[in-house]
Amino acid sequence: MSIHHQNWSGHAPFHSARFHQPTTVDEVREAVRNANKVRVIGSRHCFNDIADTTGDLISLSRLDPDLVIDREKNTATVPAGITYGELCPQLHAAGYALPNTASLDHITVIGACMTATHGSGDTLGNLATPVSGLEMVTATGDRVTLTREDHPDRFSGAVVSLGALGVVTRVTLNLEPTFSILQHVYQGLPSARLYESFDAIMGAGYSVSLFPSWKEDVIDSLWVKQQVPDGEDAPAVEPEFYGATLPPDGHFWKEPADRYWTPVRTVGPWHERLPHFHFNDPEQEGDELQSEYFVARPHAVEALKVVASFRERLAPILVVSEIRTVAADDLWLSTAYGHDVVAIHFNWRNDWPDVRDFLPLLEEQLTPFEPRPHWGKLSEIDPAQVGARYPRIDDFRSLADEFDPSGKFRNAYINRCIFG
Ligand SMILES: Cc1cc2nc3c(=O)[nH]c(=O)nc-3n(C[C@H](O)[C@H](O)[C@H](O)COP(=O)(O)OP(=O)(O)OC[C@H]3O[C@@H](n4cnc5c(N)ncnc54)[C@H](O)[C@@H]3O)c2cc1C
């Protein structure tokens with residue numbers, strides 16, 4: 001299936017009348033100027049209709065790949081449509097790193113930022129938080145640059161903006177010195193131990209992820225990623241961790257046919273350890289669905305208990321869950337806006353009717369915790385309720401009106417989720 005027909009999982013068809021792959025920013029400007037309705041796609045890894053349009057769909061995959069590192073400011077200005085898989089090795093080779101990655105690196109930098117895509121880590125913000133500048137083509141075809149320094153308020157509304165303000169062509173990212181990571185995968189963390197010591201467990205590494213299948217009162221696996229300072233030996237590893245143990249061969253999960261895990265038990269560069277997996281064939285289309293809910297950190301344990309109470313209902317539709325932490329930020333539409341969050345993720349079997357029937361049951365029980373659903377995943381929560389969970393939503397609406405008064409970048413998703 002060609003890239004302009006549907007999203008990665010095949011669940012969300014694109015209804016675009018025309019498809020463009022511009023090679024210059026001037027071609028982007030012309031395509032936007034001539035369009036009545038327009039959206040941009042990154043790597044199409046969102047699971048809902050966020051990237052869809054009935055008008056013109058643009059991919060930046062053929063745009064100038066020029067990457068500029070500023071060694072005085074410690075920033076990289078990169079083409080917005082670059083994937084982390086393309087970008088991270090170049091940053092590492094130049095002696096730099098990003099603080100965190102998502103679970104995979106096939107997604108584009110701008111596609112990730114637009115939906116507040118995240119990894120895990122108590123002190124680590126989502127992937128939009130290292131952004132310090134954006135170059136955009138707005139609805140009139142004009143070029144606009146926004147930086148955190150020069151436009152602090154509007155900038156905070158623009159980085160996570162669901163593609164509603166314009167076509168971002170270049171992104172400036174704050175960099176850190178490159179670093180190494182050692183990861184270990186523990187097996188069989190008793191849920192009771194997790195509930196007793198949630199903060200200590202999630203804080204036990206640079207980045208910690210839990211993978212429950214909810215089949216029993218146990219977290220099936222626990223990935224702990226430790227930062228290893230340059231020139232230092234790898235830290236000693238405890239064979240037992242809150243009742244969880246290290247499997248003798250490093251992993252207890254059989255590797256699925258379509259992907260391979262990043263290496264465990266050996267120290268390696270950040271970008272080869274922070275993602276959990278790589279697909280064997282990055283071009284391969286997906287066969288899964290995903291949902292994810294962000295709750296304020298103090299609600300974490302109660303929210304996890306609610307999910308566990310759905311064990312029987314989850315069994316036939318769930319592949320696995322993942323629990324991660326994300327540090328608070330000030331980006332208006334970020335799922336971590338204003339407070340630290342715990343992200344509760346679900347990898348569903350590719351069976352939308354059954355998943356759609358189940359989501360409202362789970363979401364209703366999570367309501368007291370006011371979850372913010374992931375912008376790029378599947379949720380049935382009433383958009384008005386979601387909007388009310390973002391204190392700056394009205395400011396974002398005004399910003400979208402200012403950048404795009406004729407609604408060129410609005411699609412059904414933006415009308416429903418932001419303006420509905
Ligand atoms: C296997 C898999 C694993 C995943 N793991 C994670 C994870 O670990 N953490 C997590 O948070 N999410 C995860 N996701 C979800 C996914 O990464 C995000 O939803 C992300 O937004 C997808 O990025 P993309 O490049 O595919 O963008 P797309 O899905 O193509 O687009 C996303 C949004 O960005 C907009 N956009 C794209 N390019 C531009 C541009 N140049 N200018 C303006 N707007 C633009 C689009 O219009 C759309 O609104 C995963 C998804 C899959 C399929």
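Biologist: How many bridges pair β2 with strand β3, and in which sense?

Modeller: Two strands pair if DSSP finds at least two bridges between them. Strands here are DSSP runs of E, at least two residues, and helices are runs of H or I, at least four residues, both numbered from the N terminus. In this predicted model, β2 and β3 (residues 56-59) pair in the parallel sense over four bridges. I41 has S59 in β3 as its bridge partner. Residues are numbered from 1 along each chain as its sequence is written. The model is predicted, so local features need pLDDT of at least 70 and side-chain atom pairs count only at pLDDT 80 or more, while totals for chains, interfaces and linings use all residues.

Biologist: In what order do the strands of the open sheet lie?

Modeller: The order is β1-β3-β2, three strands with parallel pairing. β1 (18-20) and β2 are at the edges with a single partner strand each, so one side of each has no neighbour in the sheet. Neighbouring strands are turned by 25 degrees against each other on average, direction ignored. Axes for such angles are lines fitted to C-alpha atoms, and angles run from 0 to 180 degrees between N-to-C directions.

Biologist: Is β9 mostly covered or exposed?

Modeller: A residue is buried if 20 or more other C-beta atoms, placed from the backbone, lie within 10 Å of its own; 12 or fewer make it exposed, and in between it is partly exposed. In β9, seven of eight residues are buried. For the chain of 420 residues, 46% count as buried.

Biologist: Which strands does β9 run antiparallel to?

Modeller: Strand β5 (residues 75-79) is joined to β9 by five antiparallel bridges. P79 has R170 as its bridge partner there. Strand β7 (residues 131-137) is joined to β9 by six bridges, also antiparallel. M136 has V168 as its partner in β9.

Biologist: What surrounds the ligand?

Modeller: A residue is near a molecule if its C-beta atom, placed from the backbone, lies within 6 Å of it. Here 33 residues surround the ligand, and the closest are G42, H45, G111, G163 and G376. β2 (38-41), α3 (109-114) and β9 (167-174) each supply at least two shell residues. The largest share, four residues, comes from α3.

Biologist: Which domains contribute to that shell?

Modeller: Domain bounds come from an automatic or database domain assignment. The shell draws at least three residues from each of domain 1 (18-59) and domain 2 (68-177).
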